[in-house]
Amino acid sequence: MSLLTDQRIVSLEIANEFVGNKSPLNEIIDHFYNSKVANEIKNKRSETKYILSVFCRRLFELDNIINQLTDRNISPRNIMVRNCIRIALVELIDLKRPEYAVINTWVEIAKNKKRLMHFGKLINAVLRKFLKNNTVSNLTDAQKVPGWLWDSWLKTYGNDEAINIINASLIEPPLDISYVNQERLNLNFKKILPSSYRMHKSGKINEIAGYKEGDWWVQDAGATIPANIFGDIKNKSVLDLCSAPGGKAMQLMAMGANVTCIEISKARISVMKENFNRTNLNPEIICADILNWEPKEKYDFVLLDAPCSATGTIRKNPDLIHIKEKQDITKNISLQKILLDRAINFLNINGILIYCVCSLEYDEGEGQVETLLKNNETIEKVAIKAEDYPEYGKFVTSNGYIRTLPHLQIDGGIDGFFISKIYKKF
Ligand SMILES: C[S@@+](CC[C@H](N)C(=O)[O-])C[C@H]1O[C@@H](n2cnc3c(N)ncnc32)[C@H](O)[C@@H]1O
């Protein structure tokens, strides 16, 4: 099989596979760039990623524009034709590429591709009509995400907050980092929260000063809060459950803790090990299923960053809008419940568990912990108070939890996290 040498065709093929299989976008991009893309265009990878991220972020709006421009909507069977037009629209609207060059190139691509051969005229007509009419999406904010997600956010946060969440979730996020070596931080990073720094225009991450030296790692500002809520853990043993790719473990170690990582996925452990090697941090790593693993001793500090729907990270992973379904939340809730029971079992009396998820869904966060507190008399909630954590004040809820929402951090937003602190009484 010959390798792909045209970046637009690479984007098109990846879009076809994404829409067809609903697998994570990063996995499909990795697969293409490892085995299907010719060396001479491998340097276009970040451009491809950008185009397809916008494609995912704006998919409902792009389709709304396309539907306004076609009398008879393009048949769902012709997904490849639709994807050509969607990508061309991203190029015209977001990348502001020269209009007729974009149209002509996509028409040429269609003429030369077997399954598109008869659709060159349609692609040409739709794109020219778009330019002539200056068509814009007429979707409401609520219609920019799937109905089930809107219903869930509306129920939990109310109309105004839900709209704020959507708008902040659909903006490309800045680069946030956490550091091992604060003195050596690049001056272009601005401190935004305790131990979290931000850069707006980053370029290639591995070319930023200090990355190769392992002085810092990429971590959303919201993801730094759970470890910081422990307080002083210097020289203390901390059990980090569900560790990979290791962001919170690195932070715990940078805070001076002795960390034991438990993670089920071998593939994710190897990514995590690369992170630890680069930052020169050395925790104990155990590849195990928490559901049947037993520690040799109990811990005073346990962090459980449970698998979840990750709807708080749509800013960075806009493919989630199209991959996740309502039923996934139900599955997550059952697993999180078992993991929470296990985590409590690993605690010493007087020990502290931090339970967090990067989800905006009530049932994976507040709902999960409220049910746990009702059913387990050995534990109690440590109410998180704004006065104890003034820098996180705006995220502290009236119920004593931390709930970051994507629009609550000025100057670039923040991932949505739920964070709770639980005390083991006996
Ligand atoms: C949200 S991610 C953790 C992110 C990580 N704490 C960090 O800060 O980089 C959840 C992780 O839990 C792991 N996991 C899921 N079920 C597990 C289980 N039963 N036992 C151990 N790890 C599990 C997944 O493989 C995944 O890597």
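In which helix is the place of Asn83? Asn83 lies in helix 5, which spans residues 79-93; helices here are DSSP runs of H or I with at least four residues, strands are runs of E with at least two, and both are numbered from the N terminus. The structure is a predicted model, in which local features require pLDDT of at least 70 and side-chain atom pairs count only at pLDDT 80 or more, while totals for chains, interfaces and linings use all residues. Residues are numbered from 1 along each chain as its sequence is written, and side-chain values use heavy atoms, with hydrogens and water left out.

Asn83 is buried, with a relative accessible area of 0%; buried denotes under 20% relative accessible area, exposed over 50%, and partly exposed the range in between, for a 1.4 Å probe and protein chains only. The side chain of Asn83 makes a polar contact of 2.6 Å with the side chain of Arg86. A polar contact is a pair of N or O atoms within 3.5 Å; within protein, one atom must be able to donate a hydrogen and the other to accept it, and residues adjacent in sequence count only if both atoms are side-chain atoms. Asn376 is buried, at a relative accessible area of 17%, and its side chain makes a polar contact with that of Thr378 at 2.7 Å.

A nitrogen atom of the ligand is 2.8 Å from an N or O atom in the side chain of Asp289. Backbone atoms also take part: a polar backbone atom of Ala244 is 3.2 Å from an oxygen atom of the ligand, and a polar backbone atom of Ile290 is 3.0 Å from a nitrogen atom of the ligand. Taken alone, the ligand exposes 610 Å², and the protein buries 87% of that area. Accessible areas come from the Shrake-Rupley method with a 1.4 Å probe; for residues, only the protein chains shown count as cover.

Strand 8 (residues 299-305) is largely enclosed by the rest of the structure, because six of its seven residues are buried. Strand 8 pairs with strand 9 (residues 347-357) in the parallel sense over six bridges, where pairing requires that DSSP find at least two bridges between two strands. Strand 5 (residues 237-241) also runs parallel to strand 8, joined by four bridges, and Val238 stands opposite Phe301 of strand 8.

An open sheet of four strands has the order 2-3-1-4 with antiparallel pairing. Its edge strands are strand 2 (190-193) and strand 4 (216-218), each of which pairs on one side only. From one strand to the next, the twist averages 40 degrees, with axes as lines fitted to C-alpha atoms, for helices over the stretch in contact, and angles running from 0 to 180 degrees between N-to-C directions. Strand 3 (residues 196-199) pairs with strand 2 in the antiparallel sense over three bridges. Within strand 3, Tyr197 is the bridge partner of Lys191, and Arg198 is that of Lys190. Strands 2 and 3 form a hairpin with two residues between them, and Ser195 in the turn has a positive phi of about 65 degrees. Three bridges join strand 3 to strand 1 (residues 175-179), which runs antiparallel to it; here Ile177 stands opposite Tyr197. Both faces of strand 3 are covered, with Ser196 and Arg198 buried on one side and Tyr197 and Met199 on the other.

Helix 10 (residues 247-254) has seven of its eight residues buried and is therefore largely enclosed by the rest of the structure. Its buried residues include Lys248 and Gln251. Just after helix 10, Gly256 takes a positive phi of about 100 degrees. In helix 11 (residues 266-279), Lys266 is exposed, with a relative accessible area of 68%.
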